[in-house]
Amino acid sequence: MSTTQELEKEIKLIDKELSNVDAQIAKLKTIQRQLQEKKSALKKSLDKLKSDKLASVDWGGTTYEWSEKVSETLKNVFKLQTFRPKQLSAINSTLSGQHTIVVMPTGAGKSLCYQLPALIKPGITVVISPLVSLMEDQVRSLTNKNIPAKLMTSTSSKEDSAAALNLLKDKNNDVKLLYVTPERLAKSKRFMSNLQKCYAEGRLQRIAIDEVHCCSQWGHDFRPDYKFLGILSNMFPNTPILGLTATATAHVLSDVQKILNLQGCLIIKSTFNRPNLYYKIHEKPTSQEECLTILEKLLKYRYNGESGIIYTNSIKDAEDVAQGLRKRNLKVGCYHANMESDARSKVHIKWHEKHYQAIVATVAFGMGIDKPDVRFVIHHTISKSMENYYQESGRAGRDGLRAECITLYRMQDIFRVSAMVFSSVGSIEHLYGMVKYCLNGTLCRRQIIAQHFDEDWGDADCNKMCDVCSNTATNSIQLDLASHCRVLASIIQNAEAQDTKLTAQKLLDAWFLKGPVPLRHKGKEPNFSRSQGEDIIAFLLIEGYLVEDFHFTAYSTVVYLKKGVNMEALDDPDFSLKMTVRRYTKFELDSPAPKDLDIISSSKSQGNENYAVKRKAVEDHKAKKLKTILIDDDD
Ligand code: ADP
Ligand code: MG
Ligand code: ZN
């Protein structure tokens, strides 16, 4: 029999061995993680290489066996003269049986990329689309062109659904396009089984997935049911999939490929430059009244008689701003997700008919706005990302004529937005991308947008159509932030020592020797304006010298600022941090906006051709009947 001591000794030995094993497991796990990371990076490179190789083929040719029929169909069925850039490439690639993702800005003409090929070969094209109103619109327009098309949604009547299901099985049916919502696909076993029959008989010609970015959580309007679409490529290996989106970021695109199981597929992308949009950042006053005065002037003078959109970041803001502007005798409508759909479409119509000059809206006013002559999009609060900003501002100037995109910016709004979005992945980085765009005073705004889309539009592509390029005076000064950084760090430390947390506003107060005395900086007041102080704090935030610290009360989220990891660099006596502080450029609020748009065509500037929405498009739009579009997006 062992003694107690012997047993204890043995246990200790085993413990030692166990901790050895644990250490080895931890080591191996690290190696495993590193290998996995390496593998996934290599896979990504491989996919990218495959995509690039496919993209290096010229898909825009006219010598395919179907080329003649394609051009006849364009003229005789769709009554269009020429293709817009990349439309023909997309059509040829999908007719060649390639899985393809088409990336084009909103309004560039993505629908034609699946509508036209549907008529070239026998069989049926299934179109998956997230918005019922847009599908109804398309089916109506196709029917007018004598193209047999049907639609199946969760609100379709029993008879309609049965008819749609039957046509998948019916060899003699002549329907060319069947529109269906992702929910319907994901939830209807009968639909899937009929689709399998259709495929087995060789009649499933193509699957088009519109707004394909909806399957990625990184995108701006993720829809859970889109995840289900990942099974399609395995289920129907011989049917080409055609995804379409206006979301161009590399991250989202690679995510979409992964979810749909289309890694390394062809990506056809047209440029995102919108040469006719003028981009401008305008300083946002602290008081709502002053803010309203700016909006009032813009609406009364700069955009007199023109239509536009004012985006706010909350329902309350939308209501307040709309009411404030009405009090100043302006005709504006209000639009947000809490309104009944009837009320929403009424507002939409009144705006279309120019009864309202502007709609004051949350981002719920989005997909499906089809008004070509939107002359201004004003952001009362910054968007939550560059992606969102591009989409929202992009609703201006669809007719190709000059339009303006004005963003009212001040530091405080960063925290209003971050408090709303911080819980979702990547949202803070996205927001900081937007802040960077606002703080910028030296680079062409288009260049920042281009960087975001992994494009290079070159300098010539702006043509003085942004506040930075159109400004002749130097509108920025260089600052070394080292000493300011030290002051801010000491203010935060001092507050922490007193068990106090500082909001950005309080930090600014203490820095400018205002607010509670014990929190105030003990040295001199900065020799620049408070608004420049705000820019410095915002800059330090996006550069990781300050970080946001979220606290929750019963009613709201409070955002405090803490020292970020990069502050550690302050220990280095040679520490230096350069910032270009921009000055706001002059902007005439009370005289009409310039009307003419003299786009210089440069060889680099594919933008003009690639986004060829000129007079023709205006006429097209005018000829179209007014559409009432109900948006089922949430706030
Ligand atoms: P997207 O889906 O890319 O936002 P749509 O497919 O809805 O754009 O098309 C926008 C508008 O452009 C529609 O009115 C459409 O008829 C028009 N359009 C598309 N292709 C052409 C073309 N090749 N020539 C003229 N107009 C076109
Ligand atoms: Mg579309
Ligand atoms: Zn510019």
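1. Lys150 stands opposite Leu178 in β4, and that pair is a handy way into one of the sheets here. Strands β3 and β4 (residues 177-180) run parallel and are joined by 4 bridges. Strands in this note are DSSP runs of E with at least two residues, helices are runs of H or I with at least four, and both are numbered from the N terminus. Two strands are called paired if DSSP finds at least two bridges between them.

2. A word on the model before going further. This is a predicted model, where local features need pLDDT of at least 70 and side-chain atom pairs count only at pLDDT 80 or more, while totals for chains, interfaces and linings use all residues. Residues are numbered from 1 along each chain as its sequence is written, chains are lettered from A and ligands numbered from 1 in the order in which they are written, and side-chain values use heavy atoms, with hydrogens and water left out.

3. Back to the sheet that holds β3. Its 7 strands follow the order β3-β4-β2-β5-β6-β1-β7, and the sheet is open with parallel pairing. At the edges are β3 (149-152) and β7 (266-269), each of which pairs on one side only. From one strand to the next, the twist averages 20 degrees; the axes behind this angle are lines fitted to C-alpha atoms (for helices, over the stretch in contact), and angles run from 0 to 180 degrees between N-to-C directions.

4. There is also an open sheet of 6 strands, again with parallel pairing, in the order β8-β13-β12-β9-β11-β10. Here β8 (277-283) and β10 (332-335) are the edge strands, each pairing on one side only. Neighbouring strands are turned against each other by 20 degrees on average, direction ignored.

5. Two pairings inside that sheet are worth a look on screen. Strand β8 runs parallel to strand β13 (residues 403-409) over 7 bridges, and Leu277 has Ala403 of β13 as its bridge partner. Strand β9 (residues 307-311) is joined to the parallel strand β12 (residues 374-379) by 5 bridges, with Ser307 partnered by Val374 of β12.

6. Buried stands for under 20% relative accessible area, exposed for over 50%, and partly exposed for values in between (1.4 Å probe, protein chains only).

7. Strands β16 (residues 546-552) and β17 share 7 bridges in the antiparallel sense, and a hairpin of 4 residues connects β16 to β17. Phe552 sits opposite Thr557 of β17. Strand β15 (residues 502-503) also pairs antiparallel with β17 (residues 557-563), over 2 bridges, and there Thr503 faces Tyr560.

8. Now the ligand site. Around ligand 1 there are 14 residues, the closest being Thr82, Gln87, Gly107, Lys110 and Ser111; a residue is included if one of its heavy atoms lies within 4 Å. This shell divides into 4 nonpolar, 6 polar and 4 charged residues. In this scheme Ala, Val, Leu, Ile, Met, Phe, Trp, Tyr, Cys and Pro are nonpolar, Asp, Glu, Lys and Arg are charged, and the others, Gly among them, are polar.

9. An oxygen atom of the ligand is 3.5 Å from a polar backbone atom of Ala108, and an oxygen atom is 3.1 Å from a polar backbone atom of Gly109. Of the 570 Å² that ligand 1 exposes when taken alone, the protein buries 76%, with areas from the Shrake-Rupley method and a 1.4 Å probe.

10. Most residues other than glycine have a negative phi. Lys79 has a positive phi near 55 degrees; it is placed in the loop between α2 (67-76) and α3 (87-95) and counts as exposed at 58% relative accessibility. Asp499 also has a positive phi, about 60 degrees. Asp499 belongs to the loop between α18 (482-497) and β15, and is exposed with a relative accessible area of 76%.

11. Finally, Pro105 is in the loop between β1 (100-103) and α4 (112-115), and is buried at 1% relative accessible area. Pro105 and Gly394 are 289 residues apart in sequence, yet 8.4 Å apart in space, C-alpha to C-alpha.

Note on methods:
Polar contact = N/O pair within 3.5 Å; in protein donor to acceptor, adjacent residues only side chain to side chain.
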